[in-house]
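I am opening my notebook on a new structure, and you are welcome to read along. Here is what I looked up, entry by entry.

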Amino acid sequence: MSELYSTEFARRNISIKTNYMAGQASGAVLVTYGETVVLVTAVSEKSKRGNIDFLPLTVDYQEMTYAAGKIPGGFFKREGRPNEKEILTSRMIDRSIRPLIPKGYFHETQIVATVLSLDNENSSDVAAMLGASTALGISDIPFNGPIAGMRVGRINGELVCNPSKTELEAGDLDLFLVGRKVQPGTGGNDYDINLVMLEGGAGEVDEDVLLEAINFGLESMRPVIGLQDQIHQELGQEKRSVEPVVVDEELERQVYDIVAEQLKDAYEIPYKTERSRKLSLAREMVTSNLAATDDSLASGLRTIVDGLEKTILRDMILKKKKRIDNRSYTEIRPINCEAGFLPRTHGSALFTRGETQALAVLTLGTSSDEQRMDMIAGEEFRTFMLHYNFPPYSVGEARFLRGPGRREIGHGALARRALLPILPSQEEFPYTIRIVSEILSSNGSSSMATVCGGSISLMDAGVPVKDVVAGVAMGLLKEGDDVVILTDILGDEDHAGDMDFKVCGTKKGVTALQMDIKIDGITESILRKALYQAKDARFFIIDKMNEAIAEPRGEISIYAPRITTMKVKPDRIRDVIGPGGKNIRQIISETGVSINVEDDGTVTIATSDAAAASMAVDMVNWLTEEAEVGKIYLGKVKKVVDFGAFVEILPGTEGLVHISQLARERVNKVTDILNEGDEVSVKVIEIDRSGKIRLSRKEALGENV
């Protein structure tokens, strides 16, 4: 029998219905938020497949077009590969849930969130995150929840919980954060809510505002955390037992004796390739010594070696106060920036920080190059695209090149969000902009290198950006009261650490941030210190970037299209286009330009040839020119009647030359002076209220056209 639970969440009712759909799933709930409805299921295989020693978790968030009353486009007319919104939402749910499934649980698990109805005001990702937590909570799948996700906006300086799409567009903050219930609580609360995951963008917002927004969001989650507690108490199944990862102490001692010194020596090597080679040799040494005749030990040995590596690195940083490359906790790796080194691209930058290197290449296009995003919430046209590529050679590997995965989509979206606030408006700079970031070498913070390289490439291309954006990745190691925050983390520090916190922004404020946390107990003071340490790093990096290029170039590349924008009256658009597109095709054919006409009468002409652009502008002006009283035109006789002749003086614009206005002397017959097809100079002598035009050949005689 189905059960319905509901509560108020951010000024609106949200409900969770159980035992209603997908009865064969391990856990399934239907979440309704306004008129947004999401079905979330959780399924985990009953037995482990093979000798795996990791959690095979898959999260799929999918938006069905019928949810918004739409039919999919394309030939097949059905949903296909996931769009960017679906990929990013799947990643957010995965990043939030994965750390909360106990270590040692290795059963294949899948979360599927399906959007069944969308009202465009209540966020489907908020509903999906709540549904994922609830479905896991009532299932027999081990899960250290509950969690809840919510969005925080700021409109006119006021923080708003789960703002509508319209409110978000009017504000300067868009944070999606996930919190987890932790007991016992402090400060008189029954429980605390700790930050689990954070993703968002901002319009150069101050660090104190971000801290306030995070605290506001976590406290606002209490209604849906409490609702889940009620559901779990009444309906929750007994959780499957998880065999604790028991390490054989004798085996652990043997591993330590064999490779501890080699691992310590490896972490003294500042260069990744050489360090990785030595770490690999140490792992092979363990396997050859202890698992040569017993394959069943391989999995346990991997766990021991991995744990030993983390322990050695953490001890080195926390106790010896030493990092792999001998930097201080706040020191940034050596930075080198180059702008404009690719001769034929519209903008380029090579950004190198330590062993991480990103090549950012920018291309300018016209409105016809805009990206059309077909979402169920409606179409979105993007004039700024940022694509992140992570080829295998960047980490010294050889494998097949595939299309972008979830990681590439996620890193590209973060970098795009970071750069958006500094871009000029379309009115100021009517170009479509595409940046491609090729990661040439990676040892941590490649997405932040993309932000820095992208910012330099914008200036190199002559895009009139408002400011310079830089990004830095912060790490955390926490053991008891010992807390160390690391600036500009390496890949190994990220792997062994407790937090990955990426912060992007200008010297005025933060534009984007992303945080993943592996432990509880990230306090406000830790967050504050991390944010302000990141701010200092950001300022330092921006100063280094300014040494390469301090402001946008005065001119765009000679190889980039020049865009000329002009306005015509909306009722004259048809004259520019012509019957069946005849006129616009003629302009393109004769000038070679690219031309686009908007519904509001905006005409954009793009070409790298200034003379061709001028010619196209003249042709558009001629097609849309309005007749003026007193002006003389060279027209063509379209029709002759007894009382005069109709002359076309402009495309689609005709006037009447009365027989009395044909000549200075008396004219008995119109055809004595004019015949159809004749070209004749005429003067506009009157335009009446209805728009009828009176012309005179007599007054134009002797005057130049």
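**Burial and the cysteines.** I call a residue buried when its relative accessible area is under 20%, exposed when over 50%, and partly exposed in between, with a 1.4 Å probe and protein chains only. By that rule C337 is buried, at a relative accessible area of 14%. C452 is buried as well, at 0%.

**Ground rules.** I note that this is a predicted model, where local features need pLDDT of at least 70 and side-chain atom pairs count only at pLDDT 80 or more, while totals for chains, interfaces and linings use all residues. Residues are numbered from 1 along each chain as its sequence is written, and side-chain values use heavy atoms, with hydrogens and water left out.

**Disulfides.** How many disulfides does the structure hold? I found 0, taking a disulfide as a pair of cysteine sulfur atoms within 2.5 Å.

**The cavity.** Rolling a probe the size of a water molecule over the atoms shows where empty space is left. A cavity here is a set of points, on a 1 Å grid over the protein atoms alone, where a 1.4 Å probe fits but cannot get out; lining residues have an atom within 4 Å of a point. Which residues line the largest cavity? They are Y267, D306, E309, K310, L313, D492, H495 and A496. I sorted this lining into 3 nonpolar, 1 polar and 4 charged residues; Ala, Val, Leu, Ile, Met, Phe, Trp, Tyr, Cys and Pro count as nonpolar, Asp, Glu, Lys and Arg as charged, and the others, Gly among them, as polar. Helix α8 (297-318) and helix α11 (491-496) each supply at least two lining residues, and α8 gives the most, with 4. Helices (H or I, at least four residues) and strands (E, at least two) are DSSP runs, numbered from the N terminus.

**The cores.** In soluble globular proteins, nonpolar side chains tend to be buried together. I count as a nonpolar core a set of buried Ala, Val, Leu, Ile, Met, Phe, Trp, Tyr and Cys residues joined through side-chain atoms within 4.5 Å. The largest has 161 residues, and I433, L458 and F501 touch the most other members. Apart from it lies another core of 19 residues, including Y633 and V680.

**S44.** Is S44 buried or exposed? I have it as buried, at 4% relative accessibility. S44 sits in strand β4 (residues 36-44). Setting aside residues up to four places away in sequence, S44 touches S26, Y105, H107, E108, T109, I141 and R240, where contact means heavy atoms within 4.5 Å. I also checked T671, 627 residues from S44 along the chain: their C-alpha atoms are separated by 92 Å.

**Backbone notes.** A cis peptide bond joins G145 and P146, with omega about 0°. P146 lies in the loop between α2 (124-138) and β7 (147-155). N19, not a glycine, has a positive phi near 50°. A22 is not a glycine either, and its phi is positive at about 50°. I place A22 in the loop between β2 and β3, where A22 is partly exposed at 36%.

Conventions
1 Å grid on protein atoms, 1.4 Å probe; cavity = no way out; pocket = protein on both sides within 12 Å on 5 of 7 lines; lining within 4 Å.
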